[in-house]
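Subject: Structure handover and notes

Dear colleague,

I am passing on the structure below, followed by notes on what was found in it. Please read the notes with the model open beside them.

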Amino acid sequence: MIIFCVQYVAANTHAGTLMINGHVLQYFEEITKIPRPSGYEAKMREYLLSFAKSHGLLTKTDAAGNVCIRKPAAAGFEDAAVVVLQAHMDMVCEKDPEKAVNFQTDPIETITKGDWIHACGTTLGADNGVGIALALDVLTAKLPTGPIECVFTVEEETGLTGAEAMGPDFFTGKMLINIDSEEEGSICTGCAGGVETFAQVSWEPYPAPMDDVYYRIDIDGLTGGHSGTDIHRGRANSIKILAAFLRRIPDADICELSGGNLINAIPRHATAVFGVPAKRTAEVEQIFAQFSEEMRERWSSTDPGISLALLPESPRDEMIPSATKIISALDACPNGVLAMSSTIPDLVQTSTNLSSVRMDGRSLLVATFQRSVSQNEKREASEMVANTFQSCGAEIHTSSEYPGWMPDPSSPLLQTAITVYTNLFGETPKITATHGGLECGLFRRNYPALDIISIGPNILGAHSPKERLQISSVEKVRLFLAELLKEIGTAA
């Protein structure tokens, strides 16, 4: 059994030390052993259903693969309001280039160092595995609460597919606590909506010059991060750097382009294969040396691990005939923060992320992701990106559009949460909104009267191999969640 001591000062009591005998980290450790990329949550779903069965709890699933586990009210609390706890089953699967891992079959290797847990060369999956673990702990704890419904969704990280497909009768509660936030001491009350915008360019076969000298350029070692919650940190985008370099060699014969991986992550790696006439090799290598020095200096603060390499490559049979226009579009594509909120300090209002570039035969697919609390600004950002790539003859389509979640300062659940947190820890929690995407807006669509807040422990570096989870913050969230549920049950 894992035992933690949390030091706190309660507002209406004397200072003290509370012993917490929870199972959150035990459950989280079990979850890290379960492969669960987006779209491959079957093993995670089996674990949840087995967990519920072993504890005598009722379950429900839907066609999308979402799971609901219901815990009955404690004795004497049968008339208390039903509270929904919600987390998502999938995780972002990012890794360092040298790390050998199959996310569909391999467990996450975790390392605990002091107060932090991180993974070995991959994302940790605390987003949102620790949310699941907190919910499971509530299901097994003996708490004086009303009925609890724990809802676990699929494919949150690749378009909120599970929440989108969920029907209006999947759960019954009128209060929902989303456990997918990443800052302890904050209560999130709103989030941005999002839309994915794709550009696809195709071409006919076109021979590459056989007398060219060919190179591969690799951009690697960038910090990356979450394209919502980290977009304001000004980190480098590997695809933008690649395009900037290739713009300096406008007559290069480009044969391959790729970069990035996930739609909701700032890309950390990009590569290209190109050829130039033999007489230009010295010039190209000089351009690269100067460019590398400029990039290391420019990104020394945000991306100290940046690595650029120019390597010899074997000749290619074909090249991309429209490459110059494609590179110009990638270079011109908007990326980063487009507007800050005028009402909430330090909150990004609108952004766009150039997420990935990949080739499929004689076709190039560019993926981008726009976010905004404003529906109009979100669509304007998408159109801006679309117009950039239409200049090179690209076909444009959008998908996975989801609504934002507008803050409600008058929320009764919020007011109760503020009171409980303040009484527990002697300080008022921050009331925030996030530029990241949460499923709350989609739940509100099918459950218009739903009262929602979002909480969570401290998670740093989500969506990158630098992701880490603070242990002490997990225990504070566990205590806060238990006391909040007790207060709601008592108020019935």
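The side chains of Arg247 and Asp331 meet in a salt bridge, with 3.3 Å from N to O, where a salt bridge is a side-chain nitrogen of Lys or Arg within 4 Å of a carboxyl oxygen of Asp or Glu. This pair links distant parts of the chain, since Arg247 belongs to helix H5 (residues 238–247) and Asp331 to helix H7 (residues 323–332), 84 residues apart; helices (H or I, at least four residues) and strands (E, at least two) are DSSP runs, numbered from the N terminus. Arg247 counts as partly exposed at 44% relative accessibility, and Asp331 counts as partly exposed at 28%; here buried means under 20% relative accessible area, exposed over 50%, and partly exposed in between, with a 1.4 Å probe and protein chains only.

Before going further, please note that this is a predicted model, in which local features need pLDDT of at least 70 and side-chain atom pairs count only at pLDDT 80 or more, while totals for chains, interfaces and linings use all residues. Residues are numbered from 1 along each chain as its sequence is written, and side-chain values use heavy atoms, with hydrogens and water left out.

The structure holds 23 salt bridges. One of them joins Arg70 to Glu149, the closest N and O atoms being 3.0 Å apart, and because Arg70 lies in strand S4 and Glu149 in strand S8, the pair ties together parts that are 79 residues apart in sequence. Arg70 is partly exposed, with a relative accessible area of 31%, whereas Glu149 is buried at 3% relative accessibility. A further salt bridge brings together the side chains of Glu184 and Lys476 (3.7 Å, N to O); Glu184 sits in the loop between strand S9 (175–178) and strand S10 (186–191), and Lys476 in helix H11 (residues 471–490), 292 residues apart.

Salt bridges that share partners also join Arg216, Glu256, Glu313 and Arg316 into one network. Leaving aside neighbours within four places in sequence, the residues in contact with Arg216 include Thr271, Val273, Leu310 and Glu313, contact meaning heavy atoms within 4.5 Å.

In helix H2 (residues 42–54), the 13 residues should span 18 Å at 1.5 Å a residue, and the end C-alpha atoms are 18 Å apart, which agrees; the expected span is 1.5 Å times one less than the number of residues. The buried residues of H2 are Met44, Tyr47, Leu48, Phe51 and Ala52, and, seen down the axis of H2, they fall within an arc of 130 degrees, so they line one face of the helix, the arc being that of the directions from the helix axis to the C-beta atoms. The face turned away from the buried side of H2 carries the exposed residues Glu46, Lys53 and Ser54. Among the elements that cover the buried residues of H2 are helix H1 (24–32), strand S4 (67–71) and strand S8 (148–153).

Helix H9 (residues 412–425) has 14 residues and reaches 20 Å from its first C-alpha to its last, close to the 20 Å expected. H9 is followed by Gly426, whose phi is positive, near 70 degrees.
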